[in-house]
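Look at the structure below before reading on.

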Amino acid sequence: MHNKFKYLKNLKKADFIKENNLHIHTKFSDGILSPQEAIDRAKSIGFRTISITDHNTIEAYNHIDLLNTNGVDIISGIEFDCWHAGVLLHIIGYGIDLHNQELQNLCAKNLNGTSLDIVRFFNNRKAKDVIKTIKNAGGIAVLAHPACCWAINLKHLVKILAKEGLEGIEVYYPYKRHRGIIKFHTVNAVQKIANDLNLYITGGTDCHDTDLSW
């Protein structure tokens, strides 16, 4: 496991709700806020660390001065749409090298591939390739909102992904909007899988509008 992410091991649910939001979208995918607006709102709420995880793109980071983030720590991130055995997955890469060519090649080529659900659904990325690319870019791969995965046996799926290099799972997630309706697994089950497989535990609000809070 990456030493630079060891601090995640000590974070609890309250720490995410109060100070850490590692799942935020901006206007460069299907969000509303500009990257700077997201940073400013995070500061006003009291978040210490955030990650902008736009779908299939890192364009937001071209519009951020990482040396002047108003006291908010930013972990580089991206959320890839991909598939494994007929199951649509969202895998987040944290701590990625934004200049990595392999990662850039895997990104969407236009705004439709980052913002339109129908285009994002019919992607041809394979989960194992996404995980490999994230690792080659110096990051860790994390399964997003796992309670919504279509897999009948979620633990079996996560085990397979872990063998491919998956290192984390998003446990602290509010499951608002449609994701609160289409849940196939419980949060408690997700927590147990994370503990059993010794995975990093992450959390974030998956903000697409103007409210970053839980």
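A pocket is found on a 1 Å grid over the protein atoms alone, as an open set of points where a 1.4 Å probe fits, with protein on both sides within 12 Å along at least five of seven lines; lining residues have an atom within 4 Å of a point. The model is predicted, so local features need pLDDT of at least 70 and side-chain atom pairs count only at pLDDT 80 or more, while totals for chains, interfaces and linings use all residues. Residues are numbered from 1 along each chain as its sequence is written, and side-chain values use heavy atoms, leaving out hydrogens and water.

The second largest pocket is lined by 16 residues; I58, E59, Y61, N62 and L98 lie nearest its centre. Eight of the lining residues are nonpolar, six polar and two charged (Ala, Val, Leu, Ile, Met, Phe, Trp, Tyr, Cys and Pro count as nonpolar, Asp, Glu, Lys and Arg as charged, and the others, Gly among them, as polar).

Helices (H or I, at least four residues) and strands (E, at least two) are DSSP runs, numbered from the N terminus. Two strands pair if DSSP finds at least two bridges between them. An open sheet of five strands has mixed pairing and the order β4-β5-β6-β7-β8. Its edge strands, β4 (77-84) and β8, each pair on one side only. Strand β7 (residues 168-172) runs parallel to β8 and is joined to it by four bridges; Y200 in β8 is the bridge partner of G168.

In a regular strand the side chains alternate between the two faces of the sheet. From β8 (residues 200-203), Y200 and T202 point one way and I201 and G203 the other, and all are buried (under 20% relative accessible area, with a 1.4 Å probe and protein chains only).

Helix α8 (residues 187-196) lies across β7 and β8, at about 145 degrees to β7. Axes here are lines fitted to C-alpha atoms, for helices over the stretch in contact, and angles run from 0 to 180 degrees between N-to-C directions.

Where does L103 sit? It belongs to helix α3 (residues 101-106). L103 is buried, with a relative accessible area of 0%. Leaving aside residues up to four places away in sequence, L103 touches I58, F80, I96, D97, T133 and A137, contact meaning heavy atoms within 4.5 Å. L103 and N56 are 47 residues apart in sequence and 9.7 Å apart in space, C-alpha to C-alpha.

How values were computed. Buried means under 20% relative accessible area, exposed over 50%, partly exposed in between (1.4 Å probe, protein chains only).
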